[in-house]
Amino acid sequence: MVIKIAFFLLIVLFGYGEHLEAEAESMCPLPTFAVAGELKTLPKPDCIAVGDFDGDRLLDIAVVSAKERAVEIFFCLGAGEYSKPVQLTVGDDVRNIAVGDLNGDHRDDIILVSPSQRRLTVLISTPGGSGQFQIVQKISFDYSPDGVTPSDLDHDGRLDLIVYGRKFLGVSIAWGIGDGTFQRGPAVASNVTCATAAPAVLSADGFTYLAVLDWIGSNLLIYKEIGRSFRQWGVFSLSEEPTDLLCTDINGDGLTDFIISFRESQQIELYLSDGLGNVRMQSSITLHSGVPVRLYLASRLCGVKVGIVSVTTQPPAAAVISISDGNRFGTQALLQPVQSLSDLVVAELFGDTLSSIACLSREERKIVLLRNNLKSAVTLPALVVAGGPQTRGVLAVDVLGDSFLELAALSRAAHAIYLFHSKDGESFQRMWSVGVPEDPVQIKWLSRPKGGGVFLTTHPEGGFIAATFVDRRGERLRSLRIARGGNSEILDAEWNATGGLRFYVANVGPSREITSISCFDEIAPTKFVEESFSPDSSEIILSACIAGLRHKAGKDVVLLLQTKGRNVLSIAARGEKGNFVSTPVWKFPSPSAKRGSVVAIKQNSSQRVDSLVDPLVLVNLVSPAEVLWAFRVHSDSILVPVPRTTNGINMVDPASTAFTDWNKDGVMDLIFLNDRPQRDIMVARGMRNGGFHQPQKIGSGKDAGGIALWKGKGEDQFIVVSRNSTNALEFISQISEN
């Protein structure tokens, strides 16, 4: 049995440049989210909403489908459990839904929006908590409505309706009678392409204002209440096409503030009202992945702190964003619990006073419930750690310099490294992230002794390697780019004698062969010198790794070569002038392997291969045979093979290997992904002479982006697997494997 932990799709991003001030101010991490259930819906659902439809003070869920011309309701049974759905056929192609108590009976009612029929349908919940609804009115318009906002505009205790059309011009008011029916009022605007319309309080004059987002005109229009009508009062020009508007009181001064999302720049901006009819931009944040198209308020995202959630396209996901005490955007998180997110709702779904999220997928016909775990940390057997779209790798790192390792996952689509922190080794309590440049592929970590360090990421499409330095709180200190032509793979990194960064890179050719090895030394901040090693014309480098074979004399490059029909193990050591000199140390028997990998075991006081104190070097020769050779270090830094080789091992690459005493017998074991069609996770148990037993399967490696070892409480340890298809991290323990 394999324990799988659903750390779902949270990718936390940080802005660059102009957003550094906001970033430094708001380092409060986001909560983790766990998948708490799934609900199967009617075909092709278009929109989702929540409300207490039966008066039991639990939030029920409603979805609508234009294809089915129906609304489907899931009644909450408590603790995140829901009844079988009740389906109501309404006869119109309903594409949007809003809820509110329209008749004062303390049960929410439903307003359905049907653009093709140019009307709204009002459904009133019947008494007795039976979950039945009655159509009491259909309200027709001379334009196609796309959305509706219930609000008490005239302060008479009855909900009114703000009806607006996005493509077919119009904004109208329907005044509530109090029994669930409405009286058509005059049009507020007839020449506006309205993306959103909502009430606003802009001063202490007692009047109600109406905020209308004109998406084609790129304007925020303000209308002021005059009796039972509205007249245009102000126009705020926007720099580009907006996608949505959220009206809420961010700073608690009783005035309405505005949050607006934009398409081209992928920005979300926060504007504060001053009570004199003016608004000023307080903060902005750019999504590193996705175009924000719809905004939702998360009133209790981090306890009493407010946040927002935005539906995005490219990719279809949800961006979760915190807002700091200084009314600035802070941490971002990209959430993608379904492959095709259509809509979502943010509400206190679990009765814990925290904002959780219900995500709707039109193509998958389901709702995924994501529970906010701020108050109770998620234990490992129930944990879903989200790696986000295109999770490329996972590392166990020590950023905080404490006794427990954090998990760091790299997301290519989100351009971020996000970290999960555990205080007890049994659960993860919080998360935050570090933004990196676009299209990262590989991740490497180098820590400082007292916490903090540097993340190295490769960016082949941009032709550079990025180094992002962070302190022990996870805050970015500085970042730099080192230009590299073509594809590069980071082999290792260390601090040089002056405290600068030194890292080793394999430069990879179009056929995956290594064309050269480079060492970059930081001799001054942002200034590097490069030393390179290239093979002879008769040599092909199949694989390379870095090992400290000479103790304090520095690190060497260990090379697996193919030359003159033979495989050769060679060591390229740095000379006194910094140049590399290659020396062959072992020739493998014929026939020559066309593929292979070499990896060095990095040992510490808690991980040793019996009495061996020097690194162990492993060579895996593949095609035509599958043989693992183990080498130990003798005098003069010479590598010699241990007496026994192991057959049947075909490792994907050195980055997909890990070493630990998995079965706790005092001997180092090898954990790797095999390069077979099934891509299993394998363990080859170590022998006291330095060799390994035949490998055994301990889990599925299908679609794995990488593996890492994470140490839990006491002697507990887990293999962490990043999945590219589910964008999640999964945990395998020794107990679950047995």
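Figure 1. Of the protein's 738 residues, 59% count as buried (under 20% relative accessible area; exposed is over 50%, partly exposed in between; 1.4 Å probe, protein chains only). This is a predicted model: local features need pLDDT of at least 70, side-chain atom pairs count only at pLDDT 80 or more, and totals for chains, interfaces and linings use all residues. Residues are numbered from 1 along each chain as its sequence is written, and side-chain values use heavy atoms, with hydrogens and water left out. The accessible surface is about 28500 Å² (Shrake-Rupley method, 1.4 Å probe; for residues, only the protein chains shown count as cover). Carbon and sulfur atoms hold 49% of that surface.

**Figure 2. Secondary structure and contacts of the protein.** The model has two helices and 63 strands (DSSP runs: H or I of at least four residues for helices, E of at least two for strands, numbered from the N terminus). Take the contacts between residues at least 6 apart in sequence: 46% of them join residues at least 24 apart (contact means heavy atoms within 4.5 Å).

**Figure 3. Strand β41 and its partner β40.** β41 covers residues 453-459, and seven of its seven residues are buried. Strand β40 (residues 442-447) pairs with β41 in the antiparallel sense, over six bridges (two strands pair if DSSP finds at least two bridges between them). Isoleucine 443 sits opposite threonine 457 of β41. The two strands make a hairpin with five residues between them. In that turn, glycine 451 has a positive phi of about 105°.

**Figure 4. The hairpin of β41 and β42.** β41 also pairs with strand β42 (residues 464-470), antiparallel, over seven bridges. Leucine 456 stands opposite alanine 467 in β42. Four residues lie between the strands of this hairpin. Glycine 463, in the turn, has a positive phi of about 70°.

**Figure 5. An open sheet of four strands.** The order is β3-β32-β31-β30, with antiparallel pairing. β3 (33-40) and β30 (343-347) are the edge strands, each pairing on one side only. From one strand to the next, the twist averages 20° (axes are lines fitted to C-alpha atoms, for helices over the stretch in contact; angles run from 0 to 180 degrees between N-to-C directions).

**Figure 6. The pairing of β31 and β32.** Strand β31 spans residues 356-361 and strand β32 spans residues 366-372. They run antiparallel and are joined by five bridges. Serine 361 has lysine 366 of β32 as its bridge partner.
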